[in-house]
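Please open the structure in a viewer and keep the sequence at hand.

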Amino acid sequence: METTLVLIKPGGVQRNLIGEITRRVEARQLKVVGLKLVNASRATVEEHYAEHKGKGFFEDVVNYLCSGPVVAMAVQGTNAIKAIRTMMGATNPLEATPGTVRGDFALTIDDNLTHSSSDPEAAGRELTLWFPEGTVG
Ligand code: ATP
Ligand code: MG
C-alpha cells in the first residue's frame with residue numbers, strides 16, 4: 001500500500017477540472033485520504049520544487065503554482081505512486097498518451113494541470129509538506 005500526493009494546479013482548478021480529475025482517481029479504486037483547496041505559499045512551493053532549483057524554468061513553475069488556488073490530494077492504494085503517474089501522463093502534454101489527464105486536457109508543458117509524486121521518497125516528503133496536519137489514511 002502506498003500514499004502519493006496529487007496537486008491539481010491552478011490551471012486545472014480554473015478550468016473546473018477538479019471533479020473530472022478526482023473522478024478518474026476514484027474510478028481507479030484509489031482512496032482519497034486527504035483533500036483541500038489552498039492558496040500555496042511561495043515557501044511551500046519552492047520547497048516542493050526544490051529539486052528544480054537553479055533550472056531555467058524554476059521561477060516560472062513556482063510563479064504558476066502560486067498564481068491561484070490548488071487542490072492538494074493524498075491518494076492511497078496498491079502501487080498508487082506509479083498508477084497515478086501513469087494516469088496523469090507525460091510531463092509534456094504533447095507526448096502524453098490520449099486517455100491520460102494531460103493527454104486529454106492539456107496542451108503545453110507550463111500548464112500541464114497536475115503534479116504527482118515521482119517515487120516513495122518524494123511522496124513522503126511532499127505529503128509532509130502539503131499535509132503537515134496528517135491525512136486520514
Ligand atoms: P510535476 O513535478 O509537476 O508532477 P513532472 O514530475 O512530470 O511534473 P518535473 O520534471 O518534475 O515534471 O517538472 C516539474 C514541472 O516543471 C513540470 O510539471 C513542468 O510544468 C515544468 N517543467 C519541467 N520541465 C520543463 C521544461 N523543460 N521546460 C519548461 N517547464 C518544464
Ligand atoms: Mg516532478
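## A guided tour of the predicted model

Select Leu7 and His115 to begin: Leu7 stands opposite His115, which belongs to strand E4. The model is a predicted one. The two strands to which this stop leads, E1 and E4, pair in the antiparallel sense over three bridges.

**Stop 1**

**Stop 1: strand E1 and its partner E3**

Now select residues 2–8, which form strand E1, together with residues 70–77, which form strand E3; seven bridges join the two, and they run antiparallel. Leu5 stands opposite Ala74 in E3, and the bridge partner of Thr4 in E3 is Val75. Is E1 mostly covered or mostly open? E1 is mostly covered, as five of its seven residues are buried.

**Stop 2: helix H5 across the sheet**

Select residues 80–88 next. Colour the buried residues of H5, namely Ala80, Ile81, Ala83, Ile84, Met87 and Met88. Then display what covers these buried residues: it includes the strands E1, E3 and E4 as well as H2, helix H6 (101–105) and helix H7 (120–130).

Remain in helix H5 and centre the view on Ile84. Why does Ile84 count as buried? Its relative accessibility is 0%, and buried means under 20%, so Ile84 counts as buried. Leaving aside neighbours within four places in sequence, Ile84 is in contact with Thr4, Val6, Val25, Leu30, Val75 and Ser116. Thr4 and Val75 in this list are the bridge partners shown at the previous stop. For a sense of distance, draw a line from Ile84 to Leu65: their C-alpha atoms are separated by 20 Å, and the residues are 19 apart along the chain.

Move on to the end of the helix. H5 is followed by Gly89, whose phi is positive, near 90 degrees.

**Stop 3: two residues with positive phi**

Most residues other than glycine have a negative phi. The next two selections depart from this. Asn16 has a positive phi of about 60 degrees although it is not a glycine. Asn16 can be found in the loop between helix H1 (10–14) and helix H2 (18–27). Asn16 is exposed because its relative accessible area is 66%, where exposed means over 50%.

Continue to the loop between H2 and E2, where Gln29 is found. Gln29 is a residue other than glycine, and its phi is positive, near 70 degrees. With a relative accessibility of 73%, Gln29 counts as exposed.

**Stop 4: the largest pocket**

Show the surface and look for the largest pocket, which holds about 520 Å³ of space. Which residues are closest to its centre? Of the 20 residues in the lining, these are Lys9, Tyr49, His52, Thr91 and Asn112. The elements that give two or more residues to the lining are helix H4 (58–65) and strand E4 (114–116). Colour the lining by class to find five nonpolar, eight polar and seven charged residues.

**Stop 5: His52**

End the tour at His52, one of the residues closest to the centre of the largest pocket. His52 has its place in the loop between helix H3 (42–48) and H4. Is His52 buried or exposed? His52 counts as buried because its relative accessibility is 17%, under the 20% cut-off. Not counting residues up to four places away in sequence, His52 touches Phe57 and Phe58.

Notes: Residues numbered from 1 in each chain as written. Chains lettered and ligands numbered in written order. Predicted model: local features only at pLDDT ≥ 70, side-chain atom pairs only at ≥ 80, totals over all residues. Heavy atoms only, no water. 1 Å grid on protein atoms, 1.4 Å probe; cavity = no way out; pocket = protein on both sides within 12 Å on 5 of 7 lines; lining within 4 Å. Points joined across faces, edges and corners; volume = space filled by probe spheres on them. Helix = DSSP H or I, 4+ residues; strand = E, 2+ residues; numbered from the N terminus. Nonpolar A, V, L, I, M, F, W, Y, C, P; charged D, E, K, R; others polar. Buried < 20%, exposed > 50% of the residue type's maximum accessible area, 1.4 Å probe, protein only. Contact = heavy atoms within 4.5 Å. Pairing = 2+ DSSP bridges.
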